Amino acid sequence: MLEVRDLTKTFGGLLAVNSVNLTVPDRTIVSVIGPNGAGKTTFFNMITGIYQPDKGSIQLAGRELVGLRPDQVTEAGIARTFQNIRLFSTMTVEENLMIGRHPRLKASYVDALFRTRRFHEDEREAREAARAILDFVGLGRYLKEMAVNLPYGDQRTLEIARALATTPKLVLLDEPAAGMNPRETETLKALIRRIRDDLGVTVVLIEHDMRLVMTLSEHITVLDYGTKIAEGLPHQIRNDPRVMEAYLGRGAAAGDYGKEGGEVRA
Ligand SMILES: Nc1ncnc2c1ncn2[C@@H]1O[C@H](COP(=O)(O)OP(=O)(O)OP(=O)(O)O)[C@@H](O)[C@H]1O
């Protein structure tokens with residue numbers, strides 16, 4: 001589904017992502033992990049067209065994405081969430097989803113201006129889709145609620161719902177469990193599995209919660225100082241000395257990898 005080759009990005013003299021390759025098969029759940037500043041978010045930002053890479057290629061189901069704008073990447077089939085919540089807080093839950101739906105609508109500016117039949121059809125379709133997605137993620141009861149009034153964990157789920165509203169082939173989740181309590185994280189884990197199993201959407205996540213990463217991922221790629229230092233199955237990564245070194249060498253970024261005597265909690 002996703003084939004990243006030789007992806008490279010520098011900021012001034014800093015090599016933030018250094019010639020990274022990543023292959024993500026269709027309908028898999030994979031994780032990109034690494035200590036703080038390893039280049040994970042920069043990697044996501046290149047895939048989604050926010051940053052243009054200095055070098056490399058990014059193909060989604062065979063289509064080259066380098067050079068596309070973020071909205072064109074969304075249209076091509078990649079949706080994402082961000083490390084920090086980016087909802088329209090003064091809009092309702094339904095409206096947040098309808099905005100997520102926008103790239104898939106057919107009506108033009110002129111249709112909207114003159115409220116044509118196509119405009120009304122689009123609006124009805126977007127409302128129906130919003131309702132279906134909210135039910136799917138378990139937020140159906142909040143349809144007309146202001147996004148800002150939702151509990152924290154539900155706001156994060158709403159962000160995932162908004163990403164799903166673009167009907168992606170692949171979704172990139174940037175630290176979806178950040179700030180969640182263990183119960184919310186369990187619910188999130190089940191949701192991510194259902195996104196893959198029921199919707200057939202491929203999932204790539206950046207996550208610091210090692211328990212979640214180790215139990216959810218089918219494949220893990222580890223970055224350190226912008227370079228891929230390891231990749232493989234969860235049990236291989238858990239026992240990889242290079243990975244332990246990367247985390248422990250930096251004081252095992254609070255609550256993460258290697259916290260308990262060099263072993264990963266999983
Ligand atoms: N826009 C930018 N301009 C300059 N340097 C940047 C920019 N974005 C990221 N960097 C630098 O690139 C490196 C990689 O940062 P990035 O945010 O991708 O890491 P990360 O693995 O996502 O970290 P974290 O886990 O803390 O979110 C860091 O040294 C960071 O300071």
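## Angle between two helices

Angles of 65 to 115 degrees between axes count as roughly perpendicular. In this predicted model, helix α3, residues 93-101, packs against helix α5, residues 117-137, at an angle of about 115°. α3 and α5 are therefore roughly perpendicular to each other. Their axes are 9 Å apart, and the crossing of α3 and α5 is right-handed.

## Residues where α3 and α5 meet

On the α3 side, the contact is made by Val93, Glu94, Leu97, Met98 and Arg101. Their counterparts in α5 are Ala126, Arg127, Ala129, Ala130, Ile133 and Leu134. Of the residues in this contact between α3 and α5, eight are nonpolar and three are charged, while none is polar.

## The sheet

Four strands form an open sheet, in the order β2-β1-β4-β5, and their pairing is antiparallel. The edges are taken by β2 (14-24) and β5 (63-64). Each of these two has a single partner strand, so one side of each is left without a neighbour in the sheet.

For β5, the neighbour in the sheet order is β4. Strand β4, residues 55-60, runs antiparallel to β5 and is joined to it by two bridges. Leucine 60 is placed opposite arginine 63, a residue of β5.

## A helix across the strands

Terms used: Residues numbered from 1 in each chain as written. Predicted model: local features only at pLDDT ≥ 70, side-chain atom pairs only at ≥ 80, totals over all residues. Axes fitted to C-alpha atoms, helices over the stretch in contact; angles between N-to-C directions. Parallel < 35°, antiparallel > 145°, perpendicular 65-115°, else oblique. Left-handed = near helix turned anticlockwise from the far one by under 90°. Contact = placed C-beta atoms within 7 Å. Nonpolar A, V, L, I, M, F, W, Y, C, P; charged D, E, K, R; others polar. Pairing = 2+ DSSP bridges.
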